[in-house]
Amino acid sequence: MPVVEPRIRNNVCLTSHPGGCAAIVKEQIDYVKKQGPIAMPKRVLVIGGSTGYSLSTRIAAAFGGGADTISVSFEKEPTERKPGTPGHYNNLAFDTYAREAGLKAVSLNKDAFSHETRREVVELVRETFGQVDLLVYSLASGVRPDPDTGEMYRSALKPLEEPYTALSVDFMNGEVSEVTIDPATDEDLRGTVKTMGGEDWTLWVDALLEAGLLAEGVRTVAYSYIGPAVTFPVYREGTIGKAKEHLEATAGTLGRKLASLKGEAFVSVNKALVTRASAVIPVVPLYISLLFRIMKEKGTHEGCIEQMYRMLADRVYGADGVVRDDQGLVRLDDWEMDPVVQQTVADLWDTITGDNIGSRADLEGYREDYLKLHGFGVEGIDYSRDVDLTRID
Ligand code: NAD
């Protein structure tokens with residue numbers, strides 16, 4: 001029963017606090033309840049579901065939309081001395097609070113890329129829901145074993161063709177440095193598209209469709225990001241951008257498959273936020289901490305839960321149905337991409353040094369969000385107390 005403290009190496013936090021994680025889940029639930037109900041159907045399957053955007057979508061659907069939910073995430077369980085990953089505690093907390101609210105909630109801890117998991121989920125959906133009304137596909141993973149051959153694919157965050165040099169920050173100590181990232185190999189590019197593109201989303205839709213488990217009017221959503229020109233070489237025009245293009249094209253193909261059910265498939269482009277996945281993308285923490293400062297000043301700042309509530313309430317199940325731009329994308333990054341916000345970020349970017357970053361960027365807000373993702377820095381939690389790592393209370 002140890003005391004749990006944050007242990008951070010290379011911008012990766014290796015510990016998490018059970019009660020702190022549960023408190024953050026509760027905070028998100030309380031936010032959603034305050035916003036009022038979402039008129040949406042009630043059977044939701046989330047591929048992902050334990051952290052970041054996927055967890056917030058699940059919370060918004062359950063506590064805003066009154067939905068029953070099944071999720072499939074891949075998290076490490078605790079041992080007696082070592083905490084589990086935050087998603088493990090978030091799942092425990094979500095299931096507890098959802099069941100207390102009279103909602104069905106099943107959180108599977110399995111590799112969503114495997115055919116075996118898909119078969120198990122298909123059976124679970126059949127028994128629990130009968131059919132699915134909303135399929136959320138929100139995985140972020142560095143690796144994907146091919147479900148047929150077992151070959152391991154790895155995703156990379158690299159530019160294409162040319163090396164990319166830009167400012168980056170170590171968000172824990174505020175050190176600013178120039179980083180150069182070498183261009184991707186063909187293998188990097190292939191691995192990233194295989195891992196983060198739309199192939200696995202298609203396999204999920206096909207499996208549910210073939211089993212007759214997608215309801216009339218079903219909707220399925222996956223998440224993407226575009227962002228500012230300054231991150232284009234490493235993001236939108238890099239390996240991950242190619243994977244996102246594949247994901248976006250997949251939405252078109254899936255939409256045609258679902259047409260006979262009057263179903264819809266689409267990609268929502270979300271705002272840049274502090275998640276475990278985005279913290280390890282070079283350059284992105286610096287951009288996010290500049291962006292947060294400006295959006296907070298303007299009063300337009302949102303976190304994952306605000307974004308996902310707005311998506312379901314206004315952009316997916318609002319009066320106008322699925323609201324898309326001329327590329328077919330749902331745009332939740334509208335406030336981030338506001339030209340005034342972007343110009344201010346660009347102007348500040350050129351002035352940033354190790355000496356002034358503390359006053360010009362919201363590094364403190366970044367750090368706070370990052371620690372909270374792991375259940376640390378949460379008000380009301382006594383971090384000096386020993387904790388039972390297997391429980392959230
Ligand atoms: P995250 O790391 O917080 O969550 C990833 C989820 O995937 C977790 O629930 C994890 O358990 C699950 N997962 C990973 N591998 C798995 C596997 N093999 N089997 C089952 N589950 C697995 O990530 P996030 O930042 O919320 O990203 C989710 C999506 O949103 C991604 O497509 C990402 O590109 C997109 N997005 C993120 C941002 C951002 O700033 N974070 C912005 C826009 C879009």
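A crossing of two helices is right-handed if the near helix is turned clockwise from the far one by less than a right angle. The close-up views below are taken from a predicted model.

**View 1. Helix H1 crossing helix H3.** H1 (residues 18-35) passes H3 (residues 86-100) in a right-handed crossing. The axes of these two helices come within 8 Å and cross at roughly 50°. On the H1 side, the contact is made by Pro18, Cys21, Ala22, Val25, Lys26 and Ile29. H3 contributes Pro86, Tyr89, Asn90, Ala93, Phe94 and Tyr97. By class, this contact of H1 with H3 has 10 nonpolar residues, 1 polar residue and 1 charged residue.

View 2. Glutamate 75 places a polar side-chain atom 2.7 Å from an oxygen atom of the ligand.

**View 3. Helix H8 packed on helix H12.** H8 (residues 284-298) and H12 (residues 363-373) pack at an angle of about 110°, and their axes are 8 Å apart. This angle makes H8 roughly perpendicular to H12, a term that covers 65 to 115 degrees. From H8, the contact involves Pro285, Ile288, Ser289, Phe292 and Lys296. From H12, Leu363, Gly365, Tyr366 and Asp369 take part. The residues of the contact of H8 with H12 divide into 5 nonpolar, 2 polar and 2 charged.

**View 4. Helix H8 packed on helix H10.** H8 also packs with H10 (residues 339-349), at an angle of about 130° and with the axes 10 Å apart. That angle makes H8 oblique to H10. The crossing of H8 and H10 is right-handed. The H8 residues in this contact are Leu286, Tyr287, Leu290, Leu291, Arg293, Ile294, Met295 and Lys298. Those of H10 are Val341, Gln342, Thr344, Val345, Leu348 and Trp349. Sorted by class, the contact of H8 with H10 has 10 nonpolar, 2 polar and 2 charged residues.

Conventions. Residues numbered from 1 in each chain as written. Predicted model: local features only at pLDDT ≥ 70, side-chain atom pairs only at ≥ 80, totals over all residues. Heavy atoms only, no water. Axes fitted to C-alpha atoms, helices over the stretch in contact; angles between N-to-C directions. Helix = DSSP H or I, 4+ residues; strand = E, 2+ residues; numbered from the N terminus. Contact = heavy atoms within 4.5 Å. Nonpolar A, V, L, I, M, F, W, Y, C, P; charged D, E, K, R; others polar. Polar contact = N/O pair within 3.5 Å; in protein donor to acceptor, adjacent residues only side chain to side chain. Parallel < 35°, antiparallel > 145°, perpendicular 65-115°, else oblique.
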